[in-house]
Amino acid sequence: MTRQIGTPHKFRPHDLVWIDDPRSFIAATPTPTPAWVATTLAAELVMVVRRGRVSPGLIPVGVRGSARDERFAGAVASGSITRRVRPEDLLSQRQEPTQARRDAMPALEGFYAVMSAWADLNLPWGPVGSVGFELATGVPVATASSDLDLVVYAASYLSEQDGNLLLEAVAGIDAVADIQVETPQGGFSLREYCDGRSLRRRLKTCDGGARLVRDPWSNA
Amino acid sequence: MEILNFQFPSSKVKARRAHVGVVGSGDLEILMEPSIDDATHVTIQTSVTGFGDTWKAVLERFLGQHPEAASIEINDFGATPGTVALRLQQAVEESQS
């Protein structure tokens with residue numbers, strides 16, 4: 001049995017956080033901040049908690065622009081965060097897209113299909129990526145070619161067999177479902193975990209790096 | 001979408017076929033097979049254009065450590081150079097296991 005290791009702060013990667021003032025955002029690199037960052041933050045003061053190493057009291061975050069390559073890393077003081085939406089919160093409370101939008105964006109429609117398919121799943125899970133962002137903010141960022149990015153929180157061991165059941169349940173949706181499993185050690189791809197090809201699989205670690213591991217729940 | 005082709009001289013023969021990685025944004029899929037000549041051939045299909053020099057540098061570094069002749073097919077979805085290096089290492093591990 002793997003022991004649950006406490007996170008250094010209550011915010012986890014993929015959480016969306018709103019801050020009090022654009023000036024609370026601290027850029028990660030000294031390079032000039034691109035113009036789209038200010039435009040984006042002027043519209044909505046929301047950012048995505050990311051993996052990364054930052055000073056105590058700071059939360060690593062990223063600003064998400066409208067284009068695919070518009071991602072800008074930084075940090076915010078936890079005290080400047082006014083609101084937080086976790087992926088699992090979006091199962092019960094969200095900005096509902098119109099039916100027309102759901103029909104046009106397979107990833108959005110796929111989310112509703114997964115909600116039915118995983119209705120009995122007793123692990124916390126929710127949408128992340130463009131679908132999660134759109135459902136949390138109402139900003140229409142999902143596109144017709146968006147993947148449906150999902151996160152499942154597995155504090156303790158999840159068997160490949162159970163993982164395969166989750167994958168089978170989402171196999172019928174029209175979008176590519178990219179499912180990330182979060183353990184206390186980091187995040188891994190459920191598809192890779194279940195494909196049975198490699199002994200060591202990629203784990204994205206909490207400090208922002210990645211390594212190959214045999215057991216994504218073990219610190220070893 | 002961009003397709004890149006590279007060829008490097010190699011000295012050893014590669015062991016077995018390996019297939020690693022994931023189809024998904026920020027990640028990549030690698031198919032590695034033994035090559036029938038004394039060269040490593042790499043074909044990359046990537047969703048991000050304009051990074052030919054970065055790919056060449058990552059591959060040269062990798063092949064410096066693993067000079068086995070191989071045919072390598074890469075299907076990239078915007079992975080970082082760090083992820084590419086990790087996946088190449090994983091492919092070598094799998095082909096030797």
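This report describes the interface of chain B and chain A and the sheet of chain A in a predicted model.

## Basis

In this predicted model, local features need pLDDT of at least 70 and side-chain atom pairs pLDDT 80 or more, whereas totals for chains, interfaces and linings use all residues. Residues are numbered from 1 along each chain as written, chains are lettered from A and ligands numbered from 1 in the order written, and side-chain values use heavy atoms, without hydrogens and water.

## Interface of chains B and A

Chain B contributes 17 residues and chain A 16 residues to the contact (heavy atoms within 4.5 Å). The two chains bury about 1,300 Å², 43% of it on carbon and sulfur atoms; this is the accessible area (1.4 Å probe) lost on being put together, summed over both parts.

Three salt bridges link the chains (a side-chain nitrogen of Lys or Arg within 4 Å of a carboxyl oxygen of Asp or Glu). One of them joins B:Glu93 to A:Arg200, with the closest N and O atoms 2.3 Å apart.

## Sheet of chain A

Six strands of chain A form an open antiparallel sheet in the order β2-β5-β4-β3-β1-β6. Strands are DSSP runs of E of at least two residues, and helices runs of H or I of at least four, numbered from the N terminus; two strands pair if DSSP finds at least two bridges between them. Strands β2 (26-27) and β6 (81-85) of chain A each have a single partner strand, so one side of each lacks a neighbour in the sheet.

Strand β1 (residues 16-19) of chain A pairs with β6(A) over four bridges, and A:Trp18 stands opposite A:Arg83 in β6(A).
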